[in-house]
Amino acid sequence: MSVAACPGCVTAGPTAERLAHDIALPTHELILPRIHCLACINAVEQALHSVPDIESARVNLSRKRVSILARNPAADPTPWIEHLSALGYEAHEARQTQGNTKMQGLVLRLGISGFAMMNVMLLSVAVWSGATDATRDLFHWISAAIALPATLFCAEPFFSNAWSAIKARRLNMDVPIALAIFLACMVSVYETMHSGAHAYFDAALSLTFFLLAGRTLDAWMRSNARSAAADLAALEPRRVITLVEGQQQSRAIDDIAVGTEIHLTAGMRVPLDALLLSERTEIDRSALTGESETSIVLQGAHLTAGEIVVCGPISARTTVPSSQSTLRRMVELASIAEAARGRYSSLADRAAQLYAPVIHGLSLVGGMVWFFLTGDVHKAVMVAIATLIITCPCALGLAVPAVATVATNRIFRLGALVKSDTALERLATVTTIAFDKTGTLTQSALIVPANFSIEECQVLKALAMASQHPLSQSLLPALADVTAAAVSGLKEYRGQGIWGRWNGQDVRLGSGAWVGAEASTVFQFGKTIHPLSRTEHLIPGAKDTIRQLQDQGYDVHLVSGDKQASAAAMARDLNIAKVHAEMTPEAKQTFVADIQAKGEHLLMVGDGLNDTLALTQAWASIAPGSALEASQNAADIVLLDGDLAKIPETLRLAKSARRRILENFALAASYNAVAIPIALSGFASPLFAALAMSLSSITVTLNALRVR
Amino acid sequence: MNVLVVLVPISLFLGLGALGAFVWTLKAGQYDDLEGDAARALFRDDDKSN
């Protein structure tokens with residue numbers, strides 16, 4: 001069993017463990033969006049192996065996941081996730097462990113057709129270099145014995161696709177492919193039975209092989225993008241804590257009836273539209289309105305799904321079932337807009353529509369001309385079939401998937417996820433870019449007043465470090481040079497603030513209401529209370545990104561739901577001349593539609609629920625990974641972390657990919673320009689056909705690697 | 001031409017052997033994480049003897 005024989009490397013232990021891992025199916029899967037190297041693999045695996053409940057853990061770097069085999073299959077992975085996040089690795093539970101049986105099936109077919117192709121080609125070379133009579137027939141029969149079962153099995157995806165297309169009275173790319181493979185096999189069997197000179201078994205197999213290579217790349221790319229997109233969507237909590245006779249119960253969001261009392265702690269998103277039962281709270285409406293200031297609401301107020309509770313815990317009574325919540329309504333509006341956008345017809349589709357009728361027409365005409373000129377039915381049929389086989393869209397089938405795979409992969413390594421098949425092609429032709437402000441270009445932060453003494457700063461840092469609340473975390477960069485004071489008895493009151501003792505005095509950082517002050521956030525140092533004002537500051541790198549995009553000739557707009565003054569101030573900082581403030585979600589959508597009506601291709605970058613409609617309406621769209629599920633669903637590309645610097649790079653790669661796709665079409669066309677006359681004039685030998693097809697497919701694939 | 005009777009079966013047999021090996025690697029999941037395996041080649045297996 002031990003294949004690796006290097007004595008220093010392999011001991012019995014890991015091999016046995018590896019074997020056990022292969023046999024037992026993993027019980028849990030965690031998504032690790034940020035892992036990228038060997039050190040990450042090591043750290044994560046070692047951390048998980050140190051947990052006693054875990055039998056084994058193995059990281060898959062390509063899929064950014066770790067499969068875990070736990071001793072108790074029903075174990076709760078939350079402590080492991082916390083353990084990993086303490087080490088600095090963000091982790092989320094995957095909804096289900098996913099198999100990739102479709103991929104495996106394609107790779108298996110690819111391998112078998114490759115094996116069969118090479119063996120049959122060897123025999124063909126022998127025939128071509130002079131085998132005659134009985135030897136040639138023998139070789140043809142052996143080729144048939146390999147090729148017929150192999151094509152039957154390997155080309156099955158093409159046959160079944162073509163069959164369902166014909167049943168629906170449509171023509172797709174698979175119809176000419178299936179026809180060419182089928183005819184190549186049939187005519188070869190006929191020739192072999194009649195001791196003919198030409199058998200096209202090798203051509204049938206190399207067609208199958210190269211087309212399967214294209215399909216495999218395509219499937220691999222899509223499954224990667226889809227699974228990762230589904231994982232991001234899973235970040236949104238799907239469970240709600242309800243209060244039944246004072247007892248907290250966790251329930252699925254779809255099971256919550258109207259009038260249920262729900263319990264929300266600080267930082268949670270309101271899952272369903274509800275009436276506030278608690279006396280008062282503070283909520284963050286930025287997801288819906290783009291407004292960056294939080295607002296105070298009192299008992300009986302309406303809470304809208306999607307808002308974030310800043311100050312909690314609170315209880316509320318739901319007013320709608322989950323299917324009618326504001327969040328869901330927005331998602332539905334977005335899907336209507338998406339349907340209206342219409343399917344962008346990809347370059348490959350357009351090429352295919354042009355291709356099939358031209359080729360079928362050509363081979364029919366070619367066969368008929370030969371029949372009328374020579375009266376030889378056999379020769380005429382052979383010419384028609386040779387034309388069909390030689391022009392079979394091998395290179396065309398690889399041209400787009402190969403480029404898309406390379407480009408998607410490079411973008412994924414940058415840390416962005418391409419969700420839509422046609423996103424790259426659309427991104428490549430973008431002319432105008434509109435940014436949302438709140439959450440996309442800016443984030444909210446507390447300011448450390450300039451007049452604070454060193455001691456005050458030290459205490460403030462100690463308090464801020466004790467909480468994971470985004471606002472207290474936002475204080476830390478400004479206090480980077482300060483050593484935290486040894487504040488004793490630190491205690492976090494959820495939704496209110498942090499309390500501690502320093503030199504016999506009370507120190508607190510928290511909401512104004514908690515301390516008894518007017519301001520929304522305050523820092524209490526002994527008897528003095530300092531209000532902390534809030535600012536919106538630019539996400540690091542935002543300025544550079546905007547300048548880069550402007551330098552590259554994109555027309556950049558700022559579109560915000562926020563007030564005119566703050567939007568304009570931010571735009572001045574960023575050097576954006578075109579500012580559109582106080583925009584409702586519908587106004588943003590109209591804005592996008594208006595720009596596109598002028599023939600511009602607009603890229604929308606936004607994260608909030610209020611951007612969802614605009615994201616869907618736009619020619620192409622990007623959402624940061626922190627965005628709401630609805631926005632991520634609407635976007636073509638999701639930036640896994642909020643780093644905007646990836647946008648210019650992604651656009652550049654998309655342009656490069658489009659160039660390569662067009663080049664590949666040109667290559668495929670020039671190959672056909674040479675091959676079709678040869679086939680029509682009756683000079684094409686089967687070996688020539690197989691070699692020419694292989695050569696063009698390889699050229700196209702190599703050209704795809706030039707995407708960078 | 002009698003040599004063909006020996007050589008052709010041998011070549012087919014070797015080819016089938018390679019195909020069998022390929023199917024085995026596929027079933028053993030050796031293509032599941034190409035990037036990770038490339039990275040793992042850089043570290044010694046006996047480091048994680050747990």
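Guide: Two residues are in contact if their C-beta atoms, placed from the backbone, lie within 7 Å. Helices (H or I, at least four residues) and strands (E, at least two) are DSSP runs, numbered from the N terminus. What you see is a predicted model, in which local features need pLDDT of at least 70 and side-chain atom pairs count only at pLDDT 80 or more, while totals for chains, interfaces and linings use all residues. Residues are numbered from 1 along each chain as its sequence is written, and chains are lettered from A and ligands numbered from 1 in the order in which they are written.

The part to look at is a helix pair in chain A. Along it, V383(A), A386(A), T387(A) and I390(A) in α12(A) meet A675(A), I676(A), A679(A) and L680(A) in α23(A). By class, this contact of α12(A) with α23(A) holds 7 nonpolar residues, 1 polar and no charged, where Ala, Val, Leu, Ile, Met, Phe, Trp, Tyr, Cys and Pro count as nonpolar, Asp, Glu, Lys and Arg as charged, and the others, Gly among them, as polar.

Two packed helices are described by the angle between their axes and the distance between the axes. Here axes are lines fitted to C-alpha atoms, for helices over the stretch in contact, and angles run from 0 to 180 degrees between N-to-C directions. For helix α12 (residues 377-390) and helix α23 (residues 646-680), both of chain A, the axes come within 8 Å and cross at roughly 165 degrees. That makes α12(A) roughly antiparallel to α23(A), since angles under 35 degrees count as roughly parallel, over 145 as roughly antiparallel, 65 to 115 as roughly perpendicular and the rest as oblique. The crossing of these two, α12(A) and α23(A), is right-handed; a crossing is left-handed if the near helix is turned anticlockwise from the far one by less than a right angle, and right-handed if clockwise.

Helix α23(A) has a further partner, helix α13 (residues 394-414) of chain A, which packs with α23(A) at an angle of about 165 degrees, their axes 9 Å apart. That makes α13(A) roughly antiparallel to α23(A), and α13(A) passes α23(A) in a right-handed crossing. The contact of α13(A) with α23(A) has 17 nonpolar, 2 polar and 4 charged residues.

Together with I389(A) and L603(A), V403(A) touches the most other members of the largest nonpolar core, which has 134 residues. A nonpolar core is a set of buried Ala, Val, Leu, Ile, Met, Phe, Trp, Tyr and Cys residues joined through C-beta atoms within 7 Å, and a residue is buried if 20 or more other C-beta atoms lie within 10 Å of its own, exposed if 12 or fewer, and partly exposed in between. Helix α8 (residues 201-233) of chain A gives the most to this core, with 13 residues. Apart from it lies another core, of 21 residues, among them L446(A), L463(A), L475(A) and A485(A).

For contrast, consider S195(A), in the loop between α7 (174-193) and α8 of chain A. S195(A) is exposed, with 11 other C-beta atoms within 10 Å, and has a positive phi of about 55 degrees although it is not a glycine.
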